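Let's take a walk through a protein together, one spot at a time. Have a look at the sequence and the 3D picture below, then read on.

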Amino acid sequence: MYDWERRLTLADTNRRSFPFEWGLEWLDPSWVNSSLDSPLDIIKNYSSLIMEDTEAWLSAPRMEEENYQDHVLTFQTPTPGPVAENNIVRCRFYPSRNSRTAVIVVPQWNAGSNSHTGLCQLLAKMGINSIRMTQPYHEYRNLPGAERADYMLGPNIGRTLHATRQSALEVLQVYNWLKKQKYTDIGIVGTSLGSCVAFLAFVHEPGFKTGVFNHASSFYSDVVWHGMATRYVRASLEGNISSRDLRKCWAPLSPWNYVARLKNHYRPHLLITAAYDLTFLPKYYKAMLAKYRKQNLPSRTVTLPCGHYTLEKFPFMHLDGWHISSFLKKQLN
């Protein structure tokens, strides 16, 4: 299984290393202390201040330029940037008959346009509406000519913070849109990087009835630093920032830091991991479960006998789809 996982992880030939950048221009100025001496100190202080008030950092504003036509919802991102293509969000809605339930689906990093469409179609057949997000710098939102979503996750510290927050805010805006359309029971499912985004949205919006976090992990930075799929990102980070400082800089993105919030608004949710994962290493997932136990929170978990990329192969993709859909069906009934 490890050999198969390595072959699949290393199969892409278009991965490339970008130069390390602090990306201070991507930070929200509301939390920036520009009197500090170094870029590292500025970003560490920025993230520390955010962690004192994540409700404000992840408070979704009103949706702008909203349009829904032919099962496609478009709107302007709440945190626009210099890449014009990325500033318009387009989500596809998969309707189901006679149902007031809905699920927001957040695909993985570098997902293609067909990713998770099968899951959405399955949910529709099961009587659950779904709406599939397109994450920042993916598909039509990417830079012209770019083959991968390197602007969402990369060795630019500030831009990675900005893009992941952007994705979570967009999810929360879609949640508000679904409520406005009179959907009463709303869940969320995210995969890999989408799992992280979905978790941020889930813990900050107690109205979500349930969630599934497919490839769950603890620290955002540790996945990037130690995962095989992001080894080329680490190649640019290493020598410019330590793994300890990176964890502090990207603290607002880490599910680990939000587990305690579930105590006040606990809802049943499912964590899925892969036993042979070389990208989201199992030790981080196990640490996450230990934190659930320490917080006296119930944890519903599934460990599949595959890896990160082998999960996309038969029969594991069908096992994964069955666990996701059956759990959501039970919780949203």
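**Starting at a leucine**

If you leave out residues up to four places away in sequence, Leu-169 touches Trp-57, Leu-58, Ser-59, Ala-60, Pro-78 and Thr-79, where contact means heavy atoms within 4.5 Å. Before we go on, know that this is a predicted model, in which local features need pLDDT of at least 70 and side-chain atom pairs count only at pLDDT 80 or more, while totals for chains, interfaces and linings use all residues. Residues are numbered from 1 along each chain as its sequence is written, and side-chain values use heavy atoms, with hydrogens and water left out.

Back to our leucine. Leu-169 sits in helix H5 (residues 157-180); helices (H or I, at least four residues) and strands (E, at least two) are DSSP runs, numbered from the N terminus. Is Leu-169 buried or exposed? With 2% relative accessibility, Leu-169 counts as buried. The word buried means under 20% relative accessible area, exposed means over 50%, and partly exposed is in between (1.4 Å probe, protein chains only).

Now find helix H6 (residues 193-204), which has twelve residues and runs 17 Å from its first C-alpha to its last, close to the 16 Å expected at 1.5 Å a residue. That expected span is 1.5 Å times one less than the number of residues. H6 is mostly covered, with twelve of its twelve residues buried; among them are Leu-193, Phe-199 and His-204. Further along, helix H11 (residues 316-332) has 17 residues, and its end C-alpha atoms are 24 Å apart, which agrees with the 24 Å it should span. The buried residues of H11 include Phe-316, Asp-320, Ile-324 and Leu-332.

**Two serines**

Ser-115 is in the loop between strand S4 (101-106) and helix H4 (117-125), and it is buried, at 14% relative accessible area. What does its side chain hold on to? There is a polar contact of 3.1 Å with the side chain of Gln-108, and another of 2.9 Å with the side chain of His-116. (A polar contact is a pair of N or O atoms within 3.5 Å; within protein, one must be able to donate a hydrogen and the other to accept it, and residues adjacent in sequence count only if both atoms are side-chain atoms.)

Ser-236 belongs to helix H8 (residues 231-237) and is buried too, at 8% relative accessibility. Its side chain reaches the backbone oxygen of Phe-18 at 2.5 Å. Setting aside neighbours within four places in sequence, Ser-236 is in contact with Ser-17, Phe-18, Phe-20 and Pro-155.

**Cysteines on their own**

A disulfide is a covalent bond between the sulfur atoms of two cysteines. Here, a pair of cysteine sulfur atoms within 2.5 Å counts as one. How many disulfides are there? The count comes to zero. Cys-91 is in no disulfide, and the nearest cysteine sulfur, that of Cys-120, is 11 Å away. Cys-91 is buried, with a relative accessible area of 1%. As for Cys-249, the closest cysteine sulfur is in Cys-196, 16 Å away, so it is too far for a bond. Cys-249 is buried as well, at 0% relative accessible area.
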